[in-house]
Amino acid sequence: MSLEPEDEVIICRCEEVSLKEILEAIAEGARTVNEVKMRTRAGMGLCQGKTCRRLVSQILAQQTGQPMGEIMPATFRPPVRPVPIGVLATGDDEG
Amino acid sequence: MLPDVVVIGGGIVGCSCAYYLAREGVRVCLVEKGNLASGTSRAGQSHIVLWEEPDINLQLEKASRLLYEALAEELPFDIEYRRTGSLALVENAGDWEPFERTVHSLQARGLDCQLLTSTDLCRLEPNLAPDLAGGAYFPEDAQVNPILTTLALAQAAKNMGAEIRPFTEVTGIELSAERKVTAVDTTTGRIPTAIVVNAAGVWSAAIGTMVGLEIPVIPRRGHIIVTEPVPDNLINCKIILAAGYMQTLGATSGVAMSANIQQTHSGNLLLGSSRDFGGFDRTVRPEVIRAQLARNLRFLPALANIHVIRTYAGLRPYSPDLVPIISEGDGVKGFYIATGHEGAGITMAPITGKLISEMITSKAPTVPLEPLSLRRFSHRQEEDRLG
C-alpha cells in the first residue's frame, strides 16, 4: 500500500482526522505518536486512541523508515474508559 | 556557523524567547531534551489570566495579553486565541469582603473588572450552583491552546532562521576564566556561543548549577482532568474558577485544591486545579482526581453526568515568591534566566520572550526588570540572616 497525501480516509474516528492530515503532520516534523496527536488531535477523542494509535504508528513507520518497535508509543492516561464525573468523584465505581 | 544565542528549553517560554530574539535578527539555536512542548507547556489548562498578585505579575500579564493579540495574527498557524473573559466565583458569604477588596484594588490599578451578585451569576450562568455568594467578571482574560502556541512560536522562529534542535540535552556549559559563557555542550554536539538563555522551567535549577548559580525553582505538581466535548451552553463564559484559586497558589504544604473549569476550542472541559510538591513525579494520584472533581461539582453540579476521558499531572516551575525570574545570571557574563512562572507560564510566555530579547539587544524593557531579578533572592536571604 502506498500512502498518498490526498487520501481522505479517516484514521482517528473520534476526532475525524484524515490520513492526509497525519501525513502533513509527519511532513512538518512529527516523529512520535504524541507529536502527531499534538498537531492533529488524532487520539484525543472519546476512545483516547484505542482505534488509531496503532495505525498512526504504522503510518509513522512507513513514512520515516523506522521499524514499528522504535516508534515512541502514545502515553496512556487514566481512566481507561470514559467515566461520569458524578461516579468518579464519589468513588462509587469501586463498589 | 556560530549561533549568537543558545536557548535551553523547548517549552512555551523557550520558544517565545527564540521567536522574539529571531525577530530582532539575532541568530538563535534552541535546544530541547525531548519534543517541543513535552513538559509543563502541555500539562496545564488554557487560561491567559490578568489578575494575579503581586503588582509586577499584573503588569507582566497585561503586557503579555497585548502581545498575544499580535501573535494571533503574526504566527504561521492558528493558536486558538480568543478573548473569552473569565468568571471568578466566591463560594461562601464569609469570603465575600476580602474578595471585594481585592477586586476594588485591581480596579484602582486600572484593570477592567466588575463584581457580580449571586443573582447576576444565576442569570449569566444558569447551570452553576444556586447558593454561591457572588463573583466577578474579568473581561480582559483570554484563552489559548498552549501546545499549538509553542509549536507556532518555534515554527515562526525557524522561518526567521532559528535552528530548533529537539532531542538535544544540555550536558554542560563552558565558561572562560573571566566567567563568560563560551559554549554549550549537548548530547548532539558542542555549540560555541557567548550567550545562553536558561528557559528550562522545572529543570532550570540544574542548568543554573552548571554555571554555579543557585536558582530557587522547584517542580510543583498540578492535576488536570479532561472531559468529553460538552454542549456550548453548559457554561457561557469559557473560563470559570473559584476565587480561592489564588490562595491555592500560595499554599506551601499538603494538596491545595480549587475549582477551575475551562472549555477549550474543541469543546472539551479542562478541570483544575490542585498543587502539591512531589519532586519530579508526574504520576496521577486517584485521590487527588476524586477530590478535584468534587470541588468542581460543588460549583457546577451539571458536571455529574459528563464523562472524564483523560487525566494528567504536570510540573509547574515554582519560585518561592510566585514571581518569575527573568534576569541576568549575576557573576556569569552571557547567562540569562527565564523561569519560575508556576501556573502563569502560558500567560506570561510572550512578555518573557520579549523581555529577554530586550535585555540581550540592549533595548529599554517593556516592564521593569528589578522585581524579576535573580538577585532578589540573595537579598532576601541576607535580610533573613540579619532579621
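A cavity here is a set of grid points where a 1.4 Å probe fits but cannot get out, and its lining residues are those with an atom within 4 Å of a point. The model is a predicted one, and a search of the whole structure finds one cavity of 30 Å³ or more. The volume of the largest cavity is about 40 Å³, and its lining is made up of Ser118(B), Leu121(B), Cys122(B), Glu125(B), Leu128(B), Ala129(B), Pro130(B) and Leu132(B). Sorted by class, that lining comprises six nonpolar residues, one polar residue and one charged residue.

In chain A, helix 1 (residues 19-27) packs against helix 3 (residues 53-64) at an angle of about 50°, and the two axes lie 11 Å apart. Because of that angle, helix 1 of chain A is oblique to helix 3 of chain A, and their crossing is right-handed. Helix 1 of chain A contributes Leu19(A), Ile22(A), Leu23(A) and Ile26(A) to the contact, while helix 3 of chain A contributes Val56(A), Ile59(A), Leu60(A), Gln63(A) and Thr64(A). Seven of these contact residues are nonpolar and two are polar, with no charged residue.

The backbone also deserves attention, since most residues other than glycine have a negative phi, and most peptide bonds are trans. Gln48(A), in the loop between helix 2 (33-40) and helix 3 of chain A, is not a glycine and yet has a positive phi of about 55°. The peptide bond from Pro78(A) to Pro79(A) is cis, with omega near -5°, and Pro79(A) belongs to the loop between helix 3 and strand 3 (83-84) of chain A. In chain B, Gly272(B) and Ser273(B) are joined by a cis peptide bond with omega about -10°, and Ser273(B) is part of strand 16 (residues 268-275) of chain B.

Definitions and conventions:
Residues numbered from 1 in each chain as written. Chains lettered and ligands numbered in written order. Predicted model: local features only at pLDDT ≥ 70, side-chain atom pairs only at ≥ 80, totals over all residues. Heavy atoms only, no water. 1 Å grid on protein atoms, 1.4 Å probe; cavity = no way out; pocket = protein on both sides within 12 Å on 5 of 7 lines; lining within 4 Å. Points joined across faces, edges and corners; volume = space filled by probe spheres on them. Nonpolar A, V, L, I, M, F, W, Y, C, P; charged D, E, K, R; others polar. Axes fitted to C-alpha atoms, helices over the stretch in contact; angles between N-to-C directions. Helix = DSSP H or I, 4+ residues; strand = E, 2+ residues; numbered from the N terminus. Parallel < 35°, antiparallel > 145°, perpendicular 65-115°, else oblique. Left-handed = near helix turned anticlockwise from the far one by under 90°. Contact = heavy atoms within 4.5 Å.
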